[in-house]
Amino acid sequence: MTAKAKQDQIAELIRQAVVIPVLTIERLSDAVPLAKALVAGGVRTLEVTLRTPVAIDAARAIMAEVPDAMVGIGTILNGDDLARAEALGVRFGISPGATPELLQAAASSRLPFAPGIATASELMQALAHGFEVVKFFPAEQAGGIKALRALAGPFPNVRVCPTGGIGETNAAAWLAEPNVLAVGGSWLCPASEIRAGNWAGITAMCAQSMKSLKAACR
Ligand code: 3PG
């Protein structure tokens, strides 16, 4: 697959998601019920972050038991993480950053991948390796929508998934930006609700958010 086709593939995957929850799974036993709760609420594209020791097993369990979930791996920090995600057979990979080592590994990997950028220079490095679909992270803290609009001047073809500081109150405003494909964040799966096993609560929150955010995308 050409670099361009790979970019179009991940762009479409992210665009269809509308919202990509950033999952930090502490107990393996939470993985499947959490994924089922999110999918039941209409949130199907899931980023399982490599932030806990059970992350890879959690992603594997979700892929096996929740066929409607589109599982990706997040918090990919280096070539080893990328290789682990690719070996697992997930649909996509996401990173908070863009080191030269990671960009090189991702450019030669088959895994659809979005590096993270917060500045023009980081974005230029990503573009130099063929990545024009990126995670804008940490979106609110790095200047918010004003910063994104400023970046769109010199980089009109770049499409982004902003993440960091996005929640119920500002997600629609981000989605209204023409270069935003989807928004990411942890607000739909708070650690307290996961620990409490409040799966019905997570489903209800997702269903309500998806309804209003899909309307905002129109
Ligand atoms: C990420 O890795 O994308 C962030 O940790 C998510 O940010 P949030 O917790 O502010 O949504």
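Predicted model: local features only at pLDDT ≥ 70, side-chain atom pairs only at ≥ 80, totals over all residues.
Is serine 95 buried or exposed?

Serine 95 has a relative accessibility of 1%. Residues under 20% are classed as buried, so serine 95 counts as buried. Its place in the chain is the loop that joins strand 4, residues 92-94, to helix 5.

As for isoleucine 76, its backbone oxygen is 2.6 Å from a polar atom of the serine 95 side chain.

Leu102 leads us to helix 5, which spans residues 100-107 and has Leu102, Leu103 and Ala106 as its buried residues. These three lie on the same side of helix 5, because the arc they cover around the axis is only 100°. Among the elements that cover them are helix 1 (3-17), helix 4 (79-88), strand 5 (113-114) and helix 6 (120-128).

Six strands form an open sheet in the order 5-4-3-2-1-9, and their pairing is parallel. The edges are held by strand 5 and strand 9, the latter being residues 183-185; each has a single partner strand, so one side of each has no neighbour in the sheet. In general, strands of a sheet pair through backbone hydrogen bonds, in either a parallel or an antiparallel sense.

Strand 2, residues 45-49, and strand 3, residues 70-74, are joined in the parallel sense over five bridges. Within that pair, leucine 46 stands opposite valine 71 of strand 3.

Key:
Residues numbered from 1 in each chain as written. Heavy atoms only, no water. Buried < 20%, exposed > 50% of the residue type's maximum accessible area, 1.4 Å probe, protein only. Helix = DSSP H or I, 4+ residues; strand = E, 2+ residues; numbered from the N terminus. Arc of directions from axis to C-beta. Contact = heavy atoms within 4.5 Å. Polar contact = N/O pair within 3.5 Å; in protein donor to acceptor, adjacent residues only side chain to side chain. Pairing = 2+ DSSP bridges.
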